[in-house]
Amino acid sequence: MKETKRVKRDSDIRVDARIKVSGKARFIEDVEFANMLHGATIRSPIPHGRIASIVNLEKIRNMPGVRAVVTANDIPGENIVPFVKQDYPCLAPDEVKFHGQAVALVAAETVEEARSAARSAEFEYEEYPAVFDAVQAMKPDAVHVGGEDNVHSYFRIRKGDVDKGFREADVIVEGVFNNKHQVHCYLENQGVVAVPESGGGISVYGSMQCPFYVQNALVKVTGIRYSGIKVVQTVTGGGFGGKEDVPSILASHAALLALRTQRPVRIIYDREEDFISMSKRHPARTRVKYGATKEGKITACEAEYIVNGGAFCTLSPIVAWRGVVHISGPYDIPNVKADSYAMATNTVPCGAFRGFGQTQANFANECLMDELAEKLDMDPVELRKRNILKTGSRTSTGQVIGESCGLEETLIKAAEKINFKQHFGRDKGIRKKGMGISTTFYGVGLGAEGEYFAKAGAQVYVKEDGSVIVAIGNVEMGQGSNTVFNRICADTLGCPYESVEVLQPDTTRVPDSGPTVASRSTMVGGRAVLDAARQVCDTFRKVAADKLGVKPFDIEVDAVDSRYRCSRGEMSYFEVVNEAYRRREKVAAQGWYRVEGCTFDQETGQGNPYSVYTYSANACEVEVDTETGQVTVTKFAAAHDIGKAIHMISAEGQIQGGTVQAIGYALHENLVLENGRILNPSLTGYTVPTSLDACDVIPIIVEHPHGEGPFGAKGLGEPPMIGSAAAILNAIYDATGIRFRHTPCLPEDIVKELSKLSI
Amino acid sequence: MKINFILNDNIVNIDIRPDKPLLRMLREDLGIKSVKEGCGRGECGSCTVLVDNKPVASCMVPAGQVHTRKVTTLEGLESSGEIKQIQDAFVKSGAVQCGFCTPGFMISAYSLLTGNPNPEREEIRAAVSGNVCRCTGYTKIIDAIELAAEYIRRFK
Ligand code: FES
Ligand code: FES
């Protein structure tokens, strides 16, 4: 059969851009229901203990505007919000494990009434000893918080013989690296509306990444069966992982209040509440050791990766797993030994954040690579070239890299773009320049540990006038996936982009499509759309062939001009649709895709954990003001092999946005906790990069297509947030001669270390 | 308290708690939904509106203070040629991802470009430094404002 002809069309406009610039896109706060109440949450004032009672509960019930108060005793189903494990209570039963944990809920006529009622709660409690640090939580005499011996989860990699590898090495480097929390700071805070339905079911609308997770949580907490639950994602103001797990909690809370009052209930957090209670990027302590020959060939890598998962497990196992799978770096190393632990502590639970456990691991190994290059007296680009993964290399899990590995090309292009050369702290004067580099690889999708979710559905339905609706299960949250789905569908059917409308995900329209995470939308959701569109296109080919008197495989679909052609003649797409309707053909199809073949042996950590990898290299230049400690990133080139850019501007935007988040992670974003309590829950206390902190990131797109992705595309959402921090810290070393092994690396840290030098 | 002011060229008379933030009054009492709350504390710029043609964070302005003044939001600029050019430039440049920050950025851009039709890139950076965007990394937003300036110059 002749393939659909795909030529670059003028496709640089996102499908959702127009409505968003008009100010009319409906985010959750713009969705109104008649008779709607507002919910607020009563939260634990202590990090660990037993809440005996809320002493003024009766008074709260009678406060102005209050219509309901709900506690753990009022939950009709099970008191569990299900994530990887079943340990997170929807409302604290009596024991609380972190400061800010939800204890009870209030619904009132106005937001102010609900919040002031919630704020007035007074508790009778008994406080328990608490543990806040992951390494402390490992000690045998540590307070027990969760899991077995406070371990939420443990994974390991054993490849070859590291002792032998280190014996063969001429040079050994080792370091311990620390990262603090990072907060998503999506601009739109968390929010949902729950609406009780007349048949006893419930509908939930909200800002979210994973409608099917929300659905599962609602079934569990309300006891309503699946068919009675409907979850619809509204236009979502950023997620970055932060709307993966948490919306399940908000949705269950709103649903409890809605069922109780039989009125729609909206819960939207204010920024402070969002900061205090939402999941974060895990703080981490990482020890890495590399051994290499004089020639710069790495012979062994040993690593220990400890992340602070907080009070409940949520997604920590997958974070710890992804971290350990990638921790030795994108290198072909014969001997690897790595262990990772996600620990339970009395801090706010950590969950998913763009990079998903790789950000911290990569920070450690890529900073250490720089130290190795220095010890070998070798250029850091050259050292990487001698070790990076290529087609045919083996990863730390023993996986053979197959097709589509553009790592070397990304490395060369990123370095070239900024004329990478080291300054070795030689700049005179107060402001010193330096350059740094890093490389990464990223297993796309959920991999072997998340295979259960590794599926997606889609429906393509062509209407009589040729307009098309696409129903999907993976969400648009700003990353551009609806545009990608639009392109895949239009290019397959051979219709204009404008004809295709991608609907908001709705759990009643599409089968469970797993979560929208791990940069999987394009690859997995895209394949489902492709599957559905192909089925309809096959029908159209038959119709056109019949009409034109040829065989279906003689028809060439020209997506650029929207025509079905053969040597005997041609029809426009719209004529074909017309004809299909006249013949009463089936013009809708369900698409499905599931990822298969991922493996991981729990004992040895060997296998093929992911089927596809994205490869990246970052090169940057910084300027360090040695008086103030201020670091300015002056140049940043980010090269990513993403297989194929389906929508170039979105791909560039993902790279630029992710990289600037990483600049914040490396240099600015400092969450301060004291005894498990967050001291700076605001955007002035915790500063994310503004336009003055960011530089113009130069995106470099490298395309080594992969057969499994639609049109060869791999995933892109997360990689920009993975390698960048190490490149920046390596550049700071190059400028100043000081190695910092932590993030955020703040001006005061730099001033302090520089002052030691000058003594 | 009864106040009157001009909202997007219409006179509004309203009875309101004078300390209610302008943002909440616009959204809850006057149906103006392009104005977004990202923080409610003057930290993010997603609620930016024009008061007497100057960009301000509407979450920080008590409603009582706009009495007898002129408040302009995206809704009120719909007929303005400039905002149309800014919108086109944002769309064309890929300056919109999640879109939550977008109305605020466009108001700041509008205010900049009506005063300075030919700004340098650094001037644009400074003009939008009170607007936080967590998605784009700013490059494409600044590209868009440069492009909008060009469109507006051409259009005049
Ligand atoms: S909501 Fe007004 S500045 Fe953030
Ligand atoms: S586009 Fe999402 S915050 Fe700016």
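## Salt bridges across the interface

Twelve salt bridges are found across the interface of chain B and chain A, where a salt bridge is a side-chain nitrogen of Lys or Arg within 4 Å of a carboxyl oxygen of Asp or Glu. One pairs A:Glu29 with B:Arg27, whose closest N and O atoms are 3.5 Å apart.

This is a predicted model, in which local features need pLDDT of at least 70 and side-chain atom pairs count only at pLDDT 80 or more, while totals for chains, interfaces and linings use all residues. Residues are numbered from 1 along each chain as its sequence is written, chains are lettered from A and ligands numbered from 1 in the order written, and side-chain values use heavy atoms, without hydrogens and water.

## How the chains meet

Chain B brings 43 residues and chain A 55 residues to the contact (heavy atoms within 4.5 Å). About 4000 Å² is buried between them, with carbon and sulfur atoms giving 52%; buried area is the accessible area (1.4 Å probe) that two parts lose on being put together, summed over both. In chain B, the residues losing the most area to chain A are B:Val91, B:Gln97 and B:Arg134, together 21% of what that side buries.

## A sheet in chain A

Now to chain A, where three strands (DSSP E runs of at least two residues) form an open antiparallel sheet in the order 4-2-6. Strand 4 (95-96) and strand 6 (123-127) of chain A are the edges, each with a single partner strand, so one side of each lacks a neighbour in the sheet.

Strand 2 (residues 49-54) of chain A is joined to strand 4 of chain A by two bridges; strands pair if DSSP finds at least two bridges between them. A:Arg50 has A:Glu95 in strand 4 of chain A as its bridge partner.

Definitions and conventions. Helix = DSSP H or I, 4+ residues; strand = E, 2+ residues; numbered from the N terminus.
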